[in-house]
Amino acid sequence: MFALFLSTILTSAADSLNPIAITQQFVLQGMVRKPQHIWYFIISIALTNMASGYLAYYGLLSVLGEFADQFVGGLGKQLFGLELMIGVLFLLLCCWLVQNHRIQKLKQQLSVASAEGEAISEEETAARKIKSVTPAALVVLGVAATISELTTALPYFAFLGILFQYHLSLTEVTILLTAYNIIYSLPLIILYFVYKRAREQFDRLYLWMKHQMSKLAGGVAPAAAGGIGCVLLFHSLWVLLK
């Protein structure tokens, strides 16, 4: 049992060095209305990771996989017809984003330079707009991020592989999964307390990042929507027409 617990510590420590989750939280911390709301993101990641551990250990993932295969197989070409419609919607979204960016740019060109007091007001308004991520959105982001990363979480798979070699009770599995996910979440917890201590410096950085991103948004968003639309459109047509 000591060897199993030691394996849990080592694999979870390796898995905790997750640059994607750390980067996501770094960005989200500047967007939450209250600093403590970031706990919704951290806890949702840990609970989703823990739930996947239960599903894997008790063999429920294979059952869900078979159900998904049957579901997709039953839909047949209807699924790819839906993919075609979504692809067209993304292309329409791309056109709308391009047009909207042109309109906004024209409004900026026609606007008169504001006074210094208005500039301060605009900065405060921008700061309020940044801090607009709700707890519900943080939970959804945490769950989605964890699910999307499970397929590449090699330390977690190594931990589960070790776990499969033992016949453990529900209590023992719960203790090990809890220990794993506490260690896994430590960098995110540490990042939260770092932000709490240097909140003003972080907020100034987030405002600068938003200003830089707003310059790129006019081109990046339409390009992303157009790219996704083209991929979905051509893939669905290729399947439907072959």
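Which residues are buried in helix 7? The structure examined here is a predicted model, in which local features need pLDDT of at least 70, side-chain atom pairs count only at pLDDT 80 or more, and totals for chains, interfaces and linings use all residues. Residues are numbered from 1 along each chain as its sequence is written, and side-chain values use heavy atoms, with hydrogens and water left out.

The protein has 10 helices and zero strands. Helices (H or I, at least four residues) and strands (E, at least two) are DSSP runs, numbered from the N terminus. Of the 242 residues, 29% count as buried. Buried means under 20% relative accessible area, exposed over 50%, and partly exposed in between (1.4 Å probe, protein chains only).

Helix 7 has 16 residues. Its first and last C-alpha atoms lie 23 Å apart, close to the 22 Å expected at 1.5 Å a residue. The expected span is 1.5 Å times one less than the number of residues. The buried residues of helix 7 are Leu138, Gly142, Ala145, Thr146, Glu149 and Leu150. Seen down the helix axis, they fall within an arc of 130°, so they line one face of helix 7. The arc is that of the directions from the helix axis to the C-beta atoms. On the face turned away from this buried side, Ala136 and Val140 are exposed. The cover over the buried residues includes helix 2, helix 3, helix 8 and helix 9.

The largest nonpolar core holds 28 residues. Such a core is a set of buried Ala, Val, Leu, Ile, Met, Phe, Trp, Tyr and Cys residues joined through side-chain atoms within 4.5 Å. Ile38, Leu138, Tyr156, Phe159, Leu163 and Leu168 touch the most other members. Helices 2, 3, 7, 8 and 9 each supply at least two core residues. Helix 9 gives the largest share, eight residues. Tyrosine 156 has contacts (heavy atoms within 4.5 Å) with residues including Asn49, Met50, Leu150 and Tyr180.

Helix 3 covers residues 38-57. Its 20 residues should span 28 Å at 1.5 Å a residue, and its end C-alpha atoms are 29 Å apart, which agrees. Glycine 59 follows helix 3 and has a positive phi, near 75°.

Leucine 91 sits in helix 5 (residues 77-110). Leucine 91 is partly exposed, with a relative accessible area of 25%. Not counting residues up to four places away in sequence, leucine 91 touches Gly226, Gly229, Cys230 and Leu233.
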